[in-house]
Amino acid sequence: MTSTQAEIDRSQLGTLSVLAWIGDPSEAHDIPYLLAYTLGDGPGGREAGEAAARGLLEEIGLPIGDVVMDGTRNPAGFPVQILLEGNQIALTLPGMNAQCTAPDEWVAAADESGQAYFLFATRAWPEAVPGRPVDAKTLQAFAGDEEVLTASAHCVLTVRRLQK
């Protein structure tokens with residue numbers, strides 16, 4: 001069964017959070033990652049938030065699973081945008097946006113490559129509350145979990161900057 005736009009209630013997402021990190025530079029893995037996820041704190045709870053996340057991704061044309069979309073070919077026409085100003089990341093999706101602060105190493109890696117690997121997890125992550133640090137072990141347990149990865153949308157995006 002396919003969802004239609006009318007069936008998707010974005011308010012069910014609850015809090016949309018974003019987290020930025022890079023891989024281990026000592027292993028030549030300094031890719032800037034950006035993860036979007038819901039806390040599952042919407043009016044319908046965790047399950048409704050996860051369903052809304054899946055519906056949103058379907059609505060904007062991002063497949064869930066092991067397909068990696070290339071948003072760098074036509075960045076202006078892609079439904080997900082990243083804007084970086086200083087250490088502030090603004091993530092824009094149709095009808096919504098979220099912000100986070102990027103660590104210096106993320107900014108440096110994004111400046112060098114001009115790209116970031118973006119994941120939108122459909123699994124709620126209520127433990128990763130905005131404003132509280134997430135340690136590397138907790139991040140690895142969530143973002144490295146096979147079920148989380150296969151239930152996420154994956155994209156490579158251009159990291160855009162404001163014109164000066």
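A search of the whole structure turns up 1 cavity of 30 Å³ or more. What you are looking at is a predicted model, in which local features need pLDDT of at least 70 and side-chain atom pairs count only at pLDDT 80 or more, while totals for chains, interfaces and linings use all residues. Residues are numbered from 1 along each chain as its sequence is written, and side-chain values use heavy atoms, with hydrogens and water left out.

**The cavity and the pocket**

Rolling a probe the size of a water molecule over the atoms shows where empty space is left. Here the work is done on a 1 Å grid over the protein atoms alone: a cavity is a set of points where a 1.4 Å probe fits but cannot get out, whereas a pocket is an open set with protein on both sides within 12 Å along at least five of seven lines, and lining residues have an atom within 4 Å of a point. Grid points are joined across faces, edges and corners, and a volume is the space filled by probe spheres set on the points.

The largest cavity has a volume of about 30 Å³. Its lining is made by Gly 71, Pro 75, Val 80, Gln 81, Ile 82, Leu 157, Thr 158 and Arg 160. Helices (H or I, at least four residues) and strands (E, at least two) are DSSP runs, numbered from the N terminus. The cavity lining divides into 4 nonpolar, 3 polar and 1 charged residues; Ala, Val, Leu, Ile, Met, Phe, Trp, Tyr, Cys and Pro count as nonpolar, Asp, Glu, Lys and Arg as charged, and the others, Gly among them, as polar.

Now for the largest pocket, which has a volume of about 610 Å³. Of the 29 residues that line it, Leu 19, Ala 20, Trp 21, Val 134 and Leu 139 are the closest to its centre. At least two lining residues come from each of β1, β2 (32-38), β6 (96-101), β7 and α3, and β1 supplies the largest share, 7 residues. By class, the pocket lining holds 21 nonpolar, 7 polar and 1 charged residues.

**Salt bridges**

The structure holds 6 salt bridges, each being a side-chain nitrogen of Lys or Arg within 4 Å of a carboxyl oxygen of Asp or Glu. Three of them are set out below.

| Pair | N to O distance |
|---|---|
| Glu 59 and Arg 10 | 2.2 Å |
| Asp 111 and Arg 161 | 2.8 Å |
| Arg 123 and Asp 145 | 3.6 Å |

What does the bridge between Glu 59 and Arg 10 link? It joins distant parts of the chain, 49 residues apart: Glu 59 sits in helix α1 (residues 45-60) and Arg 10 in the segment before β1 (16-22). Glu 59 is partly exposed at 26% relative accessibility, and Arg 10 is partly exposed at 25%. For these classes, buried means under 20% relative accessible area, exposed over 50%, and partly exposed in between (1.4 Å probe, protein chains only).

Asp 111 has 48% relative accessibility, and Arg 161 has 33%.

Arg 123 lies in the loop between β7 (115-121) and α3 (136-143) and Asp 145 in the loop between α3 and α4 (146-150), so this pair ties together parts that are 22 residues apart in sequence. Arg 123 and Asp 145 also belong to a network of salt bridges with Glu 147.

**Two buried residues**

Thr 122 lies in the loop between β7 and α3. Is Thr 122 buried or exposed? Thr 122 is buried, with a relative accessible area of 3%. Its side chain reaches the backbone oxygen of Ala 151 at 2.4 Å. Leaving aside residues up to four places away in sequence, Thr 122 touches several residues (heavy atoms within 4.5 Å), including Glu 50, Leu 57 and Ser 152.

His 154, in strand β8, is buried at 7% relative accessibility. The His 154 side chain makes a polar contact with the side chain of Tyr 117 at 2.9 Å. A polar contact is a pair of N or O atoms within 3.5 Å; within protein, one must be able to donate a hydrogen and the other to accept it, and residues adjacent in sequence count only if both atoms are side-chain atoms.
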